[in-house]
Amino acid sequence: MRWPLASRSVAVPATTPRIPFNIAKPNQEQIVLLITIVLLIVFGFTLNGFATISNLLNLLRSISILGVLGLGMGLIVISRGIDLSEVATLAGCWAIGLIEMQRGMPVGAAVLLALAIALLIGVINGVMVAFVEAPPLFVTLAAGFVIYGLAFWLAPAWVVYAPRDAPGLMFAGAGRLFGIPVPILVFAVSAIAMHLFLSRTSIGRFIYAQGDNPEAARLTGIPLRPLIVLEYSLVAFLAWLAGLVWVGTTGSMQMAITQGTMIFDVVLVVVIGGISLIGGRGSVFSVVVGCILIGTLLNAFTIMDVNSEVQNIIKGVVLLAAIVLDNFLHPRDEETARQGD
Amino acid sequence: MSDGANLANGAAEPVLEIIGGSKIYGGVHAIEGVNFNLYPGEVHALVGENGAGKSTLCKAIAGAIGLTSGEFRLDGKPANFEQPRDALNAGICMVYQETSLVPTMTAAQNIELGNEKLLTRFRTLNIQAQQLLQSLNFHVDPATPVAMLGTAKKQMVEIARAIYNKARIIIFDEPTASLTPEEIVHFFHLVRDLRARGVSIIYISHALEESLQIADRITVLRDGRLVITAPAKQLTRDSLVQHMVGREVAQAVYGRKEKTHQRREKVLTVENVTMGMAVKNMSFSVYAGEVVGIAGLIGSGRTEIAKVIYGALKRNLINGGTIRLRGKPIRYRVPRQAINDGIAYITEDRKANGFFETMVVDDNVYLGKLATKKGFSFLLSRARRGKLANYWVERLKISALQRKARIIELSGGNQQKVVLAKTLVQDPSIIIFDEPTRGVDVGTIPHIHAEIRRLADEGKAVVVISSYLPEVLAVSDRILVARTGRIVAEFDAAEATQDKILYAAVH
């Protein structure tokens with residue numbers, strides 16, 4: 001008898017390797033873009049005052065803050081993380097910055113102070129996730145509450161106003177450059193920069209690799225821990241940038257936004273556009289498309305005078321539709337469909 | 001032993017019959033026009049390379065998927081399974097390697113799983129399970145949580161569950177992959193016992209020797225088509241391989257050449273390294289220009305020592321021993337440091353941590369280069385990516401047709417080659433292969449062995465960890481045997497035989 005051990009052991013039965021890659025199949029971004037274009041055309045013909053240059057600029061301007069936040073969230077979701085403290089970071093760092101302005105700190109210094117606070121939060125989040133190895137969902141959820149509490153303690157006001165003599169600060173929200181409102185430019189430049197960062201640099205590739213398979217990334221020699229700290233710092237930086245536009249637009253910072261649904265809107269635009277929560281998939285284009293769809297809907301609602309409860313319902317339905325669409329586009333294999341999970 | 005073969009000769013009606021069975025996935029035939037039958041009390045082995053359609057055929061039989069076309073007959077009557085439950089009710093049961101048990105439940109609860117009554121007493125449950133297990137001659141305590149059982153006993157629980165479900169047809173998928181030699185012998189007794197009870201068995205295995213030994217008939221699949229169904233007695237290992245590959249496999253690589261290597265510098269020294277319970281006082285050294293094979297069973301600490309050297313696992317802080325790289329003591333916190341010092345580790349489980357599944361071949365290879373200190377560049381370069389990937393695709397003979405496909409869609413052999421390329425592109429001087437040909441099709445194995453040889457000839461130190469003894473014998477210049485966290489024996493390639501190695505590895 002031969003030794004039975006003299007045998008090849010195989011752990012992974014091969015089932016999938018023969019399915020060809022179908023390039024004709026549209027992905028989620030393209031479908032969402034198509035829906036957006038259809039909506040734009042429909043609203044353009046049916047709603048009075050929708051298809052005007054000023055309204056369309058208004059539309060873009062209204063989504064720019066959400067867009068900048070979404071770029072950060074997109075980055076972190078691609079890396080298989082999530083940052084629920086993004087809106088709290090935005091509100092917290094600027095509330096403190098503005099209160100220091102009121103107390104007499106020079107505007108430039110206070111802006112840099114806000115940036116420093118934001119980056120500190122990002123680094124702390126990153127260290128908690130990378131070195132303490134706590135799950136990002138809980139780290140950033142808890143961080144959001146801590147930031148809210150601390151900021152409220154340091155700047156005890158629901159609404160902190162910017163000083164009147166700071167025209168430079170208002171430029172970020174109300175100014176125009178080449179006839180285009182600055183918030184739109186901020187969003188556009190951030191999106192292009194983020195796109196180049198993710199698709200043209202090796203760090204960007206590392207982020208996709210991490211989201212695809214963190215253990216493989218580690219064994220390949222990608223410095224995961226510094227990378228994670230960098231990612232959370234970038235998110236915090238974008239939160240600061242979005243806050244700059246916010247302060248410029250409203251002349252104030254409202255702590256109430258940390259308690260609202262804004263953070264879910266940010267997750268919404270990211271997920272709608274096709275950045276999968278399992279990581280490694282999607283791009284900046286996903287965020288832009290998701291933003292434009294949500295912006296179009298919100299703008300049309302405003303013109304149609306739909307109240308906020310109905311708006312929430314519609315937003316929820318759109319999110320569910322996106323998930324159903326995702327399942328439809330990427331059907332699970334027959335096996336799981338038959339057996340369930 | 002011979003009664004099963006007699007039955008297969010056509011005395012009885014087949015219990016299961018598939019006529020012209022085809023399954024199409026995304027426009028491609030996974031199996032095409034397969035005629036398969038199974039007689040009562042027969043052990044029928046299915047062999048074929050990865051992707052030949054063995055799994056697809058079995059999934060169709062077990063009702064996990066439906067056939068696109070073809071006739072499916074059970075006891076001569078047409079049958080159509082909507083879901084696995086239907087197949088189970090018809091007495092068809094698939095035994096997976098160890099995945100389908102609930103670890104926190106006891107053996108008895110697992111046997112009962114899916115058939116629970118509204119209220120069950122633990123006592124009744126345990127007694128029932130005890131009776132069943134005893135009738136099968138299994139020494140398993142029904143009250144033990146499955147998580148605490150060994151692999152062999154888990155398999156027994158799976159089989160007991162199949163019998164409890166009144167299975168007439170049992171499909172075993174790679175049942176011996178993680179069993180020790182004694183356990184395999186016991187498992188074979190069990191299979192023969194089941195056959196004597198009139199149970200029909202479909203046996204999928206990559207181990208051709210096993211199939212020849214246990215099966216009454218063997219069916220060979222290749223590229224989704226049935227190549228041959230013949231009684232096991234009429235087949236040999238060589239003829240099977242020939243049918244599987246469709247051509248003569250280059251055996252030359254398997255036969256060791258004359259000793260060509262010359263020992264050079266001692267590159268890596270492992271002295272008394274200890275890590276938890278897995279590695280205990282392990283010592284060995286590796287020289288440049290040689291291939292060191294490490295043989296050993298699963299759980300002998302061979303993978304763990306590789307990961308300790310690589311920095312993926314940490315050895316004990318106190319009394320952890322020393323590892324020296326060219327005489328200099330090293331202790332890595334992360335694999336990145338090992339990589340920058342020229343140490344590479346090629347994982348045993350490529351799907352879990354070997355490659356990036358959303359990316360194409362080129363990106364995987366390029367990422368390997370970018371992740372090193374020397375290969376890093378902030379901006380990506382298409383030209384550099386193409387150059388690196390072309391070189392490795394050419395050198396390792398990666399199927400060039402699939403360059404644009406995501407790596408998850410490649411065959412097992414090509415995936416493994418991409419993992420090799422992704423690691424070798426980092427220019428290591430010490431390379432540790434962990435199960436380099438696991439889940440790799442027979443035709444690709446010689447390519448990988450040739451590459452291992454080539455690396456050693458280039459003056460690199462190569463370590464090959466494998467539980468497949470012919471592989472260890474074929475590629476190594478020197479063979480170490482690991483057992484319970486220690487190196488217990490060392491052989492020169494010339495004097496080593498399978499028996500000697502096994503004797504050292506087992507007891």
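This is a predicted model: local features need pLDDT of at least 70, side-chain atom pairs count only at pLDDT 80 or more; totals for chains, interfaces and linings use all residues.
Two residues are in contact if their C-beta atoms, placed from the backbone, lie within 7 Å.

Figure 1. Leaving aside neighbours within four places in sequence, Tyr203(B) is in contact with a run of residues, Val43(B), His44(B), Ala45(B) and Leu46(B), among others. Phe172(B), Ser211(B), Ile214(B) and Ala215(B) are also in contact with Tyr203(B). Tyr203(B) is one of the residues that touch the most other members of the largest nonpolar core.

**Figure 2. The largest nonpolar core, with 255 residues.** In soluble globular proteins, nonpolar side chains tend to be buried together.

**Figure 3. Chain A and its fold elements.** The secondary structure of chain A consists of 14 helices and 4 strands. Of the 341 residues in chain A, 47% are buried. Where contacts in chain A join residues at least 6 apart in sequence, 79% of them link residues at least 24 apart.

**Figure 4. Leu277(A) in a loop of chain A.** The loop that holds Leu277(A) runs between helix H11 (262-272) and helix H12 (284-304). Is Leu277(A) buried or partly exposed? Leu277(A) is partly exposed, because 13 other C-beta atoms lie within 10 Å, while a buried residue has 20 or more and an exposed one 12 or fewer. Beyond four places in sequence, Leu277(A) is in contact with Val77(A) and Val271(A). Leu185(A) lies 92 residues from Leu277(A) in sequence, and their C-alpha atoms are 28 Å apart in space.

**Figure 5. The domains of chain B.** Domain 1 covers residues 3-245 and domain 3 covers residues 352-427. Domain 2 is made of two stretches, 264-342 and 429-507. Taken over C-alpha atoms, the centres of domain 1 and domain 3 of chain B are 37 Å apart.

**Figure 6. Confidence along chain B and for the complex.** The mean pLDDT of chain B is 83, and 91% of its residues reach 70 or more. Over residues 1-10 of chain B, pLDDT stays under 50, and the model has 19 contacts beyond four places in sequence for them. Residues 250-256 of chain B also stay under 50 in pLDDT, with 7 such contacts. For the complex, the predictor gives an ipTM of 0.80 and a pTM of 0.77.

Key: Residues are numbered from 1 along each chain as its sequence is written. Chains are lettered from A and ligands numbered from 1 in the order in which they are written. Domain bounds come from an automatic or database domain assignment. Helices (H or I, at least four residues) and strands (E, at least two) are DSSP runs, numbered from the N terminus. A nonpolar core is a set of buried Ala, Val, Leu, Ile, Met, Phe, Trp, Tyr and Cys residues joined through C-beta atoms within 7 Å. pLDDT is the predictor's confidence in each residue, from 0 to 100.
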